[in-house]
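Work through the charge pairs of the model below. Each task is followed by a stepwise solution.

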Amino acid sequence: MIHGPTVARFRLNKAQQAAVDHNLGPLLVLAGAGSGKTGVVTQRITRLVKRGVPAAAILAMTFTNRAAAEMRERVIRGIGHRGSKGLRVCTFHRFGLEVLSREARALGLRGGRFAIYDRSDCLGVIRSALRSVVSDHSYDLGAILNRISLAKNAFLDADLYSAKVAQSEDEYDEMTALAFPRYQTALRNLQAFDFDDLVCEPVRLWRRSEEVRDRWRMRFRYVIVDEYQDTNAAQEEMLRQLCAEHGNLCVVGDDDQAIYAWRGADVGNILDFDKHFPGTKTVRLERNYRSTAAILDVANALLAAGSARRHEKKLIPTQGAGETVQSITLRDGTAEARFVTEEAHRLISSGAARARDIAVLYRSNLQAGEIESELKARGVAYQLFGGTQTFERKEVKDVLAYLTTAIDPYDELAVRRSLTYPPRGIGEVGLGKLASHATLRDGTLLDSALGAHAVAGLSEAARRGCRHYGRIITELQQRLDGGPSVAETTQWLVGAIELKPAIFAESGRNNKAAGRRWGNIRHLLRAIARREEKVHLDRDGLAKYLRMLMLRENDEEDGEVTDRVTLTTMHGAKGLEFPCVFVVGLEEGLMPHARSVEERATDVAPGATPAVDEIEQERRLLYVAITRARQQLWLCRAKGRSARGKLMKRVASRFLLQIPKELLVERDLEEPPPAELGVTERGARDVLAAILGAGNDSG
């Protein structure tokens, strides 16, 4: 029988104890996979408090709300609620939001109000910003937004970005340079911040105002950061500004698990931490309490074959030898999916493992389809991680727009969204007339909608729609001011705007899709009710809650843990662990991904990493996937995959071939492939040699 999660250890090893006991000055904790870093972080916080440091003087930051919640709970178990009072454990973006909220006056925000825009909101701002200066609408706005985001993560403002790409011949550099300043101006006019601003703007405020900066420095005298390898330039600058005076910065991370360069993370932050923060003490956590020796031997060998600069460390097993890792070769993608399904079914039906003990990891979500089909056909329950989350769904955001409008009439984006959905006869032309009326009278868009009878040129249908909208918003505000609970009010709102009929009417005959969308609304109503069980939601409380929803991480979906096989990308598996792991698609073009060896045209930032660095990031991503396994690991590849109706030959991943044969049980489970494929193991190695060029793993 597969064992459950590793039993928590209460005794620290020598290296862990050194990290916990460190007193003053910068500390770098290099924590290999499965080395107990969360316990080290929480016990370090506990020790600081027990040594007399007020909990309110400690700030701990990480990258997901779930990780922050787990850290906070473990600290509370160690020192109790009273001892941990005032302790701040949060994500970088939640901390930035707190700074912006408390310093609204210093930021010059009217009424201290501001909105947080998500990706779809920001795309709308870019579209509007470019409409007056660009006649060609064929540009990928998402690629432009990605570049702006990468620039902000690199702590570049619009002027610095324009200077950096001034000599570039890339049309997307030119379009981004054109869009960036207009985008920022539009956000400020709307009193809005995007997700990246939540880090950048507090730092810029601290640079402008020593008084504000010193206030935050005095408040937090000890700062601890988890997953430091995932930080970007803006986040590092936030830490420099916050810790420059006292230097009490402890960072925990693993450069071997740096897999987020594509979203702006800079592995150089952890590689050069001692240069950025002089006087650093470094502690290495190398004892692995998760995986067997057989799995760790493969992981260590994979890293040893790489060419990237890294902190030297090697995972040391504590869980016994374990079963040899299996390398499985199959004829095609269908055979691969069938193998994974049958093996998972065998483990479950024999009682060797539960469904929740099994994970299937892949490089791209596109690989999940065949595996899903086979699991369904075999009756194996599964859950799919990743994709759009509930609070990002359109119908949920539509409801939230009404609540936002009721408590903040100045949020023009929320007013526009709620005013036009469900449809009530107010189109783009009508919106334009309402907006012009508001501008001429120095009012808000909501003022124009509520006084639509005075708006010149508005159609009668639009006037009726505005009257109906006005009645809903007015009653919604009255209910929020002193009526029933927010959950009950939201339930009333959903009925008042006739959202359910609108959703089913839009979906046509696709009742299944409509059911899913309506299920998202029910999920929202339950989430609000659960929130009210914990916190009283007055107007201010509701405003804070709506902002919190904008910051929800992808790992925070509510719901019960179910006994299902997990399907997720390798990126999505970060931070998770399972007794049994299948890693699929270990072929050139999938792992490493084709994009890591091909120049990208539309989504790279100036000074983007060269191909060799991207190949090494792919290596680290596979290392993360391998080290999710505790007891059994299968590395799978196909000799061919279907593409455009044809079975195309595939070459084994360079990473797979770099793992010494003696560490693997190699199994070819299919007869030789048809002649048109022409793939053999020797042939695969020949092709790989041609790709690498005399053994040079540079891509």
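The exercises cover salt bridges first, then a charged surface patch. The model is predicted.

**Exercise 1.** Find which residue forms a salt bridge with Asp-226, and classify both partners as buried or exposed.

Step 1. The partner is Lys-37; the closest N and O atoms are 3.0 Å apart. That is within the 4 Å cut-off for a salt bridge.
Step 2. Asp-226 sits in the loop between strand E6 (222-225) and helix H12 (233-243), and Lys-37 in helix H2 (residues 37-50), so the pair ties together parts 189 residues apart in sequence.
Step 3. Buried means under 20% relative accessible area. Asp-226 has 5% and is buried. Lys-37 has 18% and is buried.

**Exercise 2.** State how Glu-236 and Arg-240 are placed in helix H12.

Step 1. They form a salt bridge, with the closest N and O atoms 3.5 Å apart.
Step 2. Because they are four residues apart in helix H12, about one helical turn separates them.
Step 3. Glu-236 is buried at 7% relative accessibility, whereas Arg-240 is partly exposed at 30%.

**Exercise 3.** Locate the partners of the salt bridge between Arg-378 and Glu-342.

Step 1. Their closest N and O atoms are 2.9 Å apart.
Step 2. Arg-378 lies in helix H17 (residues 368-378) and Glu-342 in helix H16 (residues 333-349), 36 residues apart.
Step 3. Arg-378 is partly exposed at 35% relative accessibility. Glu-342 is also partly exposed, at 35%.

**Exercise 4.** Which residues gather in a patch of positive charge on the surface?

Step 1. They are Lys-376, Arg-393, Lys-512 and Arg-516.
Step 2. Arg-393 lies in the loop between strand E13 (382-384) and helix H18 (394-407).
Step 3. At 34% relative accessibility, Arg-393 is partly exposed.

How values were computed. Residues are numbered from 1 along each chain as its sequence is written. This is a predicted model: local features need pLDDT of at least 70, side-chain atom pairs count only at pLDDT 80 or more; totals for chains, interfaces and linings use all residues. Side-chain values use heavy atoms; hydrogens and water are left out. Patches are made of residues with over 30% relative accessible area and no salt bridge: like charges are joined within 9 Å, nonpolar side chains (Val, Leu, Ile, Met, Phe, Trp, Tyr) within 5 Å. Accessible areas come from the Shrake-Rupley method with a 1.4 Å probe; for residues, only the protein chains shown count as cover. A salt bridge is a side-chain nitrogen of Lys or Arg within 4 Å of a carboxyl oxygen of Asp or Glu. Lys and Arg count as positive and Asp and Glu as negative; His and the chain ends are not counted. The place of a charge is taken as NZ of Lys, CZ of Arg, CG of Asp or CD of Glu. Helices (H or I, at least four residues) and strands (E, at least two) are DSSP runs, numbered from the N terminus. Buried means under 20% relative accessible area, exposed over 50%, partly exposed in between (1.4 Å probe, protein chains only).
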